[in-house]
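Hello,

As promised, I am handing over the structure we spoke about, so please open it beside this message. My notes on what was found follow below it.

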Amino acid sequence: MKQSVVHIVGAGVAGLAAARMLGATGRREVVLHEARPQAGGRRRSFYDETLGFDVDTGNFPLISSWSSALSLLDAVGARGEWREEKEPGVAFADFSTGERWRLRPNPGRAPWWLIVPGRRGPRLTLSDYWTARRLFSASRTATVASLGPNGGPAMERLWRPLCVAALNCPPETASASLAATSLLELVRFGGSGMRLLTPVHSFGRAFIEPLARRIQRDGATLRFERRLIALDFDAERLSGLEFENDRVDLGPGDALILAAPWTVAASLVPGLEPPRSLSSALTVHFGAPAPRAAPTVLGVLGGLFQWLFGYHDRMSVTVGDATACVNQPNDAVAAECWRGVAALTGLSDALPPWRVIRSRRSLAWTPEETARRPSGRTAWRNLFLAGGYLAGPLPDCIESAVRSGESAARACLENGG
C-alpha cells in the first residue's frame with residue numbers, strides 16, 4: 001500500500017525540523033520543496049568571494065536552555081560543530097563610559113549570583129533584577145518599559161539590549177508578556193541554561209547542512225527552486241499545490257506543512273493576516289580573525305552595532321535596529337562598524353575585507369503583534385503551519401522554529417499518519 005505524502009514547503013529551520021521528525025518515524029513519505037537553490041531559508045550560508053570563505057546571512061547563536069534545538073543537533077551528529085562557552089552569561093562593553101563587565105550567573109538553579117556585585121554588572125543592583133517579577137503579571141497590552149525601571153543603568157545596561165536582541169524592538173514597544181515567558185524559558189535550568197553556543201565555522205555547516213543530509217538519508221526528497229504560488233482548497237481540506245512550473249494534487253491521506261515566513265504564509269492561506277510590526281537589521285562580516293583574548297560574543301552599548309561575534313576566520317557585528325543605516329552606503333556602514341570593532345579589540349584601524357548583509361525585515365514583538373500570532377493548526381485538516389512566528393512562549397528564534405516544525409510533524413502523524 002502506497003504511503004501518504006507530507007509535502008513541506010520551506011527548507012528553513014522549521015521545515016527541516018519537521019522533515020527530520022517525520023522521516024525518523026518512517027510512517028510518511030516526505031517531500032520538501034524550497035524556493036531557493038539551497039536549504040536554510042533566512043538562516044543560510046553562502047561563499048563570499050571577497051572574504052574567501054562561507055558567511056551566514058546573520059549571526060545565529062544558540063543558548064544552552066534551547067533543548068529542542070540542541071537535541072536536534074545531537075540527533076544528526078552536529079554538536080561538534082558548535083563552540084559552547086565554559087561559563088554562563090555574556091560579556092558587555094559600553095562605548096560611552098569605557099566600562100567592560102560580564103553578567104555571570106552561577107550554574108545552579110538558586111540565583112545567588114544576584115547578590116554578588118561582581119557578577120551582576122557595574123551599577124546594577126539586586127532590586128534592578130527583582131523588578132523583573134512585574135513582567136509575570138503583565139497584561140497582554142503592557143510593554144516592557146511600562147513595568148521596568150524608569151531609566152538609569154538597569155534600563156540601558158540590561159533591559160534595553162536584551163529587548164532589542166530577543167524581541168527586535170526597544171522596551172518602549174516590546175511585549176511584556178512575551179518577555180516574561182521568554183525569561184521563564186531562560187531561567188528554568190538556572191545558570192546552566194545560560195551558556196552561549198556559536199558555530200565553529202558557519203551556521204550552514206553547523207546546523208543546516210547536517211540536518212539536510214540526515215533527512216535525505218532517512219528517505220526524504222529535497223526539491224529546490226520550487227516556488228509555491230497558490231493553494232487549492234476544498235471545503236475541509238487542501239486539494240492541491242500550485243508551483244510556478246507545475247501542480248501537485250494531494251491524495252486523501254496527503255498533507256502540507258507550510259514552513260514559510262509569516263508574510264508568505266499570509267499570502268497563501270485565506271484568513272491569515274500578515275504581520276504588521278517589522279524592524280530592519282543588518283550584519284557586517286569582516287575578514288579578520290578575532291584576537292585570542294576577545295570574548296566570543298560581546299554585547300555593545302552606545303555604538304552603531306549591538307553585538308560583536310568573534311570567529312576563527314572573521315569578526316561579525318549585528319545592528320539590531322538598522323533604521324539609521326537605511327540610506328547609508330555599505331562602505332560607510334562597514335567603515336563605521338570597523339572603527340568600533342578596532343576600538344573594542346585593539347586591532348588596526350585599517351579596514352579589512354568586509355561584507356554587509358541587509359536582512360529581511362524582522363518581526364518586532366510588540367503587544368499587538370504578540371497577540372496576533374497564529375496557531376499551527378488551520379481550518380483545513382491536512383494543512384499545518386510551521387515557523388518561529390507561531391504562538392508560543394518564545395519569540396521568533398531557532399528554538400521556536402524547531403519546536404514549531406516538530407509540532408507540525410506530530411500533528412500530521414496524529415491526523416492519520
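**Helix packing and the sheet**

Helix α2 (residues 67-75) packs with α12 at an angle of about 75°, and the axes of the two helices are 7 Å apart. Angles of 65 to 115 degrees count as roughly perpendicular, and α2 is therefore roughly perpendicular to α12. On the side of α2 the contact is made by S67, S68, A69 and L72, while α12 contributes I398, E399, V402, R403 and E406. Sorted by class, the contact of α2 with α12 holds four nonpolar, two polar and three charged residues. Please keep in mind while you read that this is a predicted model.

Two packed helices are described by the angle between their axes and the distance between the axes. How do the axes of helix α1 and helix α12 cross, and within what distance do they come? The axes of α1 (residues 13-25) and α12 (residues 398-414) come within 7 Å and cross at roughly 40°, and α1 and α12 are therefore oblique to each other. The crossing of these two helices, α1 and α12, is right-handed. From α1 the contact is made by V13, A14, A17, A18, M21, L22 and T25, and from α12 by I398, A401, V402, S404, G405, E406, A409, R410, C412 and L413. In the contact of α1 with α12, 12 residues are nonpolar, three are polar and two are charged.

Turning to the strands, you will find an open sheet of seven strands with mixed pairing, in the order β8-β7-β17-β18-β19-β16-β20. Its edge strands, each of which pairs on one side only, are β8 (100-103) and β20 (354-358). On average, and with direction ignored, neighbouring strands of this sheet are turned by 20° against each other.

Within the sheet, strand β7 (residues 90-94) and strand β17 (residues 297-301) run parallel and are joined by four bridges, and A93 stands opposite V300 in β17. Helix α6 (residues 152-167) packs on the sheet, where it touches β7, β8, β17 and β18 (307-310), and the direction of α6 makes about 115° with that of β17. Helix α10 (residues 330-345) also packs on the sheet, touching β7, β8, β16 (282-286), β17, β18, β19 (315-319) and β20, and the direction of α10 makes about 65° with that of β16.

Technical notes:
Residues are numbered from 1 along each chain as its sequence is written. This is a predicted model: local features need pLDDT of at least 70, side-chain atom pairs count only at pLDDT 80 or more; totals for chains, interfaces and linings use all residues. Side-chain values use heavy atoms; hydrogens and water are left out. Axes are lines fitted to C-alpha atoms, for helices over the stretch in contact, and angles run from 0 to 180 degrees between N-to-C directions. Angles under 35 degrees count as roughly parallel, over 145 as roughly antiparallel, 65 to 115 as roughly perpendicular and the rest as oblique. A crossing is left-handed if the near helix is turned anticlockwise from the far one by less than a right angle, and right-handed if clockwise. Contact means heavy atoms within 4.5 Å. Ala, Val, Leu, Ile, Met, Phe, Trp, Tyr, Cys and Pro count as nonpolar, Asp, Glu, Lys and Arg as charged, and the others, Gly among them, as polar. Two strands pair if DSSP finds at least two bridges between them.
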